[in-house]
Amino acid sequence: MSDNIEFDHMINGELYHQTPELLEIRMKTRDLLYEYNHLNYRDLPNRNRILKEMFGKVGKKYFIELPFHTDYGFNVKLGENFFANNGLTLLDPAPIEIGDNVLIAPNVGIYTAGHALDPALRVQAHAEYAIPVKIGNNVWIGAGVTVCPGVTIGDNSVIGAGAVVTKSIPSDSLAYGNPAHVARKLNEHDREYYFKQRKVNQEYLDKLSDDESFNQ
């Protein structure tokens, strides 16, 4: 693949255009996606096999609900204990790096891809680009979130449902809105209350104090 000049431009964040070679890489990935999205929900061994073959890196535990879409696949790197719900889209002409213990809700799109704003460049020259996205450890991304090219989401942060993340979000933050903004930093209140004024059950706090967890 590195012999393809446009492939190198794509990987390096430079302007590039689609070539038959790049299209063939995507088509091979779509062959795997077709197989994946037509598996029985209970066929976990083959689901794991296809994702491992498709992605650049996976941890020991990873799970993506059906349906799922990606562009190239090899640019996706997953940490340990990854879970994504239905309708995940990963457009990965550039790397998408995801840390450990990340949860992704339904209908989330993570995009590294973009097109030139100038119409002549976009239409006549077919100019595209791709800028990496990085998501830290222990991040929860809510339903319907859009993550745009070049964004980094810091460790432990939560992105509220429907957010459009156009700029990087620091660690330990709650962010939401369009465009997404940091509403506040996460704190001890979030250990005591899980939703508005609903208190966390003692059995969950006991698990934390004993450094244990419930089975998944």
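Strand S17 (residues 173-176) and strand S18 pair in the antiparallel sense over four bridges; helices (H or I, at least four residues) and strands (E, at least two) are DSSP runs numbered from the N terminus, and two strands count as paired if DSSP finds at least two bridges between them. Within this pairing, tyrosine 176 stands opposite histidine 181 of S18. The two strands form a hairpin with four residues between them, and glycine 177 in the turn has a positive phi of about 105°. The model is a predicted one, in which local features need pLDDT of at least 70 and side-chain atom pairs count only at pLDDT 80 or more, whereas totals for chains, interfaces and linings use all residues. Residues are numbered from 1 along each chain as its sequence is written, and side-chain values use heavy atoms, with hydrogens and water left out.

S17 and S18 belong to an open sheet of seven strands with mixed pairing, in the order S1-S4-S7-S12-S15-S17-S18. S1 and strand S18 (181-185) are the edge strands, and each pairs on one side only. Inside the sheet, strand S7 (residues 103-104) runs parallel to strand S12 (residues 140-141), to which two bridges join it. The bridge partner of leucine 103 in S12 is tryptophan 140.

A further open sheet is made of four strands in the order S3-S6-S11-S14, with parallel pairing. Its edges are S3 and strand S14 (152-153); each has a single partner strand, so one side of each is left without a neighbour in the sheet. The parallel pairing of S3 and S6 extends over three bridges, and lysine 77 has glutamate 97 as its bridge partner in S6.

Parallel pairing also involves S5. Three bridges join S2 to S5, with leucine 88 of S5 as the bridge partner of phenylalanine 68. S5 pairs in turn with strand S8 (residues 109-111), again in the parallel sense and over three bridges; here leucine 91 stands opposite tyrosine 111 of S8.

The largest nonpolar core has 39 residues, and those with the most contacts inside it are Phe55, Phe68 and Phe82. Such a core is a set of buried Ala, Val, Leu, Ile, Met, Phe, Trp, Tyr and Cys residues joined through side-chain atoms within 4.5 Å; buried means under 20% relative accessible area, exposed over 50%, and partly exposed in between (1.4 Å probe, protein chains only). At least two residues of this core come from each of several elements, including helix H2 (20-37), helix H3 (44-54), strand S1 (62-64) and strand S11 (133-135). Apart from it lies another core, of six residues, among them Met10, Tyr16, Leu22 and Tyr72. Neighbours within four places in sequence aside, phenylalanine 68 is in contact (heavy atoms within 4.5 Å) with Leu33, Tyr36, Asn37, Leu51, Met54, Phe55, Leu88 and Leu90.

Five aromatic pairs were counted, where rings of Phe, Tyr and Trp (its six-membered ring) pair if their centres lie within 6.5 Å, and planes under 30 degrees apart count as stacked, over 60 as edge-to-face and the rest as tilted. The rings of phenylalanine 7 and phenylalanine 74 form a tilted pair, with centres 5.8 Å apart and planes at 35°. Phenylalanine 7 lies in helix H1 and phenylalanine 74 in the loop between strand S2 (68-70) and S3, so the pair ties together parts 67 residues apart in sequence. Phenylalanine 7 is buried, at 9% relative accessibility, whereas phenylalanine 74 is partly exposed, at 24%. The pair of phenylalanine 55 and phenylalanine 68 is edge-to-face, at 6.0 Å centre to centre and 85° between the planes. Phenylalanine 55 is in the loop between H3 and S1 and phenylalanine 68 in strand S2, 13 residues apart; both are buried. Ring pairs also link Phe7, Tyr72 and Phe74 into a cluster.

Asparagine 4 is placed in the segment before helix H1 (5-11) and counts as buried, at 14% relative accessibility. Its side chain makes a polar contact with the side chain of threonine 19 (3.4 Å); a polar contact is a pair of N or O atoms within 3.5 Å, of which, within protein, one must be able to donate a hydrogen and the other to accept it, and residues adjacent in sequence count only if both atoms are side-chain atoms. Residues up to four places away in sequence not counted, asparagine 4 touches Thr19, Glu21 and Leu22.
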